[in-house]
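Reader: Please pick one part and look at it closely. I want the local geometry first, then the surroundings.

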Amino acid sequence: MHLHKYEKVWLVFGLGSLVLFLLIIGFAAFWKGTHPQSHIETIDPQNVEANESFQPENLGLTEVADGKYVVNMVASAFNYDFGKEDDGTATKTIRVPKGSTVLFQITSKDVVHGFQVAGTNVNMMVEPGHISRFEAVMKNSGEFTVVCNEYCGIGHHLMFGTVEVY
Amino acid sequence: MELFNFSKKESRLYMAFMHVTFISLLVGGLMGLLQTLVRSGKYTLPFNIDYYTILTTHGVVLGLVLTTFFIVGFQFSLMGKTVGISGKQLKWGWISFWVMLVGTVLSAWMILTGEASVLYTFYTPLRAHPVFYIGLAMVIIGSWIAAFVNFRQLYVWKKAHKGEKSPLLAFMVVINMIMWVVASLGVAYSVVVLILPWSLGYVATVNVLLTRTLFWYFGHPLVYFWLLPAYMAWYAIIPKIIGGKLFSDSLARLAFILLLMFSIPVGFHHQLTEPGIDPTWKFIQVVLTFMVVIPSLMTAFSLFATFEITGRKKGYTSLFGWFKKLPWKDVRFLAPFVGMAAFIPGGAGGIINASHQVNSLVHNTIWITGHFHLTVATTVILTFFGIAYWLIPHLTGRRLTPRLNKLGIIQTFIWAIGMTIMSTSMHIQGLIGGPRRSAFSEYAGGDQVSTWISYQLSQAVGGTILFIGILLMFYIFIQLAFFAPRGYEEYPIAEEEPDAEKTPKILENWYLWIGITIALILFAYTIPMIDIIKHSPPGSIPFDWPIGRS
């Protein structure tokens, strides 16, 4: 098949940039370990308490080492369960100091949800039957809105929370 | 090149598809307008209509009904023009139309009565009314009937023209329909085998991840199913409109073959942030996703080459002189051209969306909505409008008058302006974290959220301008279909240069290309599918109440 000379140049240039681009994201993924979240860890959506992380008393923020935190959460239509405050009321805000490393762990009791800390890289799908995890360093201080960004029903836009980095 | 003239009977079939297309445009467009108004926070829907009902209507009517009807109708006309249609094929064409239409009505009825507010991607374990799924399955089955009529048309022609090269447009239609059938097998299996029995209550639980994976196996080729008819017009019709010849028959065929191969095995890039799929396989599919860059670059080159060659032949010699002399005042050219221009930022955004890690910044934000309003709702739809300006008068025996041409040009500008405002503000709002698929909400009411709302206001402005564009387009359609003066409008099909190089025979070796396509699909999906089924969690029971069904 005949290819025009300029077309060959154009394709070589295009393919060259494509290869370079794929090498960069491949390097980031396999050498730097920055894959999107994927853990292939399953759970019974009708009995999430069977997993220690999602028992009611373990929900919410825990400091596991100096500057290292874990947040366990359960999503359901149309609420994020961040555990309870000392006085028994539901926690609405997660507070962590600036610069801390936070592992967000979440699962769904019912339908598909999203978990996005707007303004950060924390963005996961939350599916019934699976555990979603994402570790992030909270570099900037401020109040970040947590939004459900995957349609979960007529109260979808009422499902949110807050992460405060102080 | 021998071209067939349409009989009255034939034209009526093709026009039936066009009527459904433009009614869908009006209905779906109105729903889009209402969405932007609700999201602005200044407007509440009357009669207790739920936001997600109109969101579902907008997505299904425009994304599935309008596109499929236009494409099937347009492709029937291309086949009729280039290889002809027999009486029996015509009858099957009507059967495909009615099956699709009845399916559409069934699904629409369920959506409008609030029994199926599950948006466009079904979202198990949200459970819609079974009739909704049956309706959608019928739309797909109807389109398969059309596909097999198209395959038969080319087969019959080939038998009568032994050893001859098939007409380019017929070849392209067959490629697009092969892709459509192979891709929709996934969603048909998901709907018929997994979701429908579960929705009817015969099966207790459903594997959510499996239904999602099968949906996206179909969901990405679907966007190429929209795009390829636009490419057909760019490759083989626009050159004729600007007074030129086909750039290269073989190049066009090769581009279509590559699109067939690389559009199907890439669904995981829609599922990059899902927990249940192995990251290595996600990466492999990301790489395969980017292979469609090759035919896209080939297309861009060949289009601009046609523009330049045509201009130079007319005697415009300076470096860009040919560009000025393109027929800007001909809406049959202008509308698709604006669509092509929108594809440059649209395609660049697509590269961002599909990029393994970068995706997590924009995943499920309204950036994505902005992206496909550029690609599908501008590139594809403006090209479809560009086709409609000559196809409809050709079918109805009328003329595109200078006045309607002028209205079309105004329509194109209105569309470009409205979409620039709406899509740009969607992209920006997405980058700062605004979610997609959400009704108006102040969330916790922080500073972050107030910045989103200002962009939602500008989306309402863009949406309103776009709706004016839709009303104008609908008016033009009615004029072309019923009121324009009688006459003859050309069906523009570009011819090859007399001294064009011979197209290699291998490009028509269907066994080879379909074989490679299947091999690629098996490579990209077999192991992850085994993974998904082997590591599947306990299934999900159905949920009715979250979508407002009691």
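Predicted model: local features only at pLDDT ≥ 70, side-chain atom pairs only at ≥ 80, totals over all residues.

Author: Start with the naming. Helices (H or I, at least four residues) and strands (E, at least two) are DSSP runs, numbered from the N terminus. On that basis, B:F122 is found in the loop between α3 and α4 of chain B. That loop is the part to examine.

Some ground rules come next. Residues are numbered from 1 along each chain as its sequence is written, chains are lettered from A and ligands numbered from 1 in the order in which they are written, and side-chain values use heavy atoms, with hydrogens and water left out.

Now the backbone. Most residues other than glycine have a negative phi, and most peptide bonds are trans. B:F122 is not a glycine, yet its phi is positive, about 75°. The loop also holds B:P125, between α3 (87-112) and α4 (130-160). The bond joining B:T124 and B:P125 is cis, with omega about 5°.

Next, burial. Buried means under 20% relative accessible area, exposed means over 50%, and partly exposed lies in between (1.4 Å probe, protein chains only). B:F122 counts as buried because its relative accessibility is 7%.

B:F132 leads on to the core. A nonpolar core is a set of buried Ala, Val, Leu, Ile, Met, Phe, Trp, Tyr and Cys residues joined through side-chain atoms within 4.5 Å. The largest one has 224 residues. B:F132 is among the four that touch the most other members, along with A:F104, A:F115 and B:F74. Helix α5 (residues 168-200) of chain B gives the most to this core, with 21 residues.

Helix α5 of chain B also contains B:S199. Its relative accessibility is 6%, so B:S199 counts as buried. Leaving out residues up to four places away in sequence, B:S199 touches B:R127, B:A128, B:H129, B:P130 and B:Y133.

B:R437 is not a glycine either, and its phi is positive, near 60°. B:R437 lies in the loop between α15 (402-431) and α16 (447-483). At 13% relative accessibility, B:R437 is buried too.

Last, the setting. Chain B has 17 helices and zero strands. Of its 550 residues, 65% count as buried. Its radius of gyration, taken over C-alpha atoms, is 23 Å; a compact globule with 550 residues would be near 24 Å, which agrees. The globule rule is 2.2 Å times the number of residues to the power 0.38. Among contacts in chain B between residues at least 6 apart in sequence, 85% join residues at least 24 apart.

Chain B has a mean pLDDT of 91, and 100% of its residues reach 70 or more. The model scores ipTM 0.93 and pTM 0.93.

Definitions and conventions:
Contact = heavy atoms within 4.5 Å. pLDDT = per-residue confidence, 0-100.
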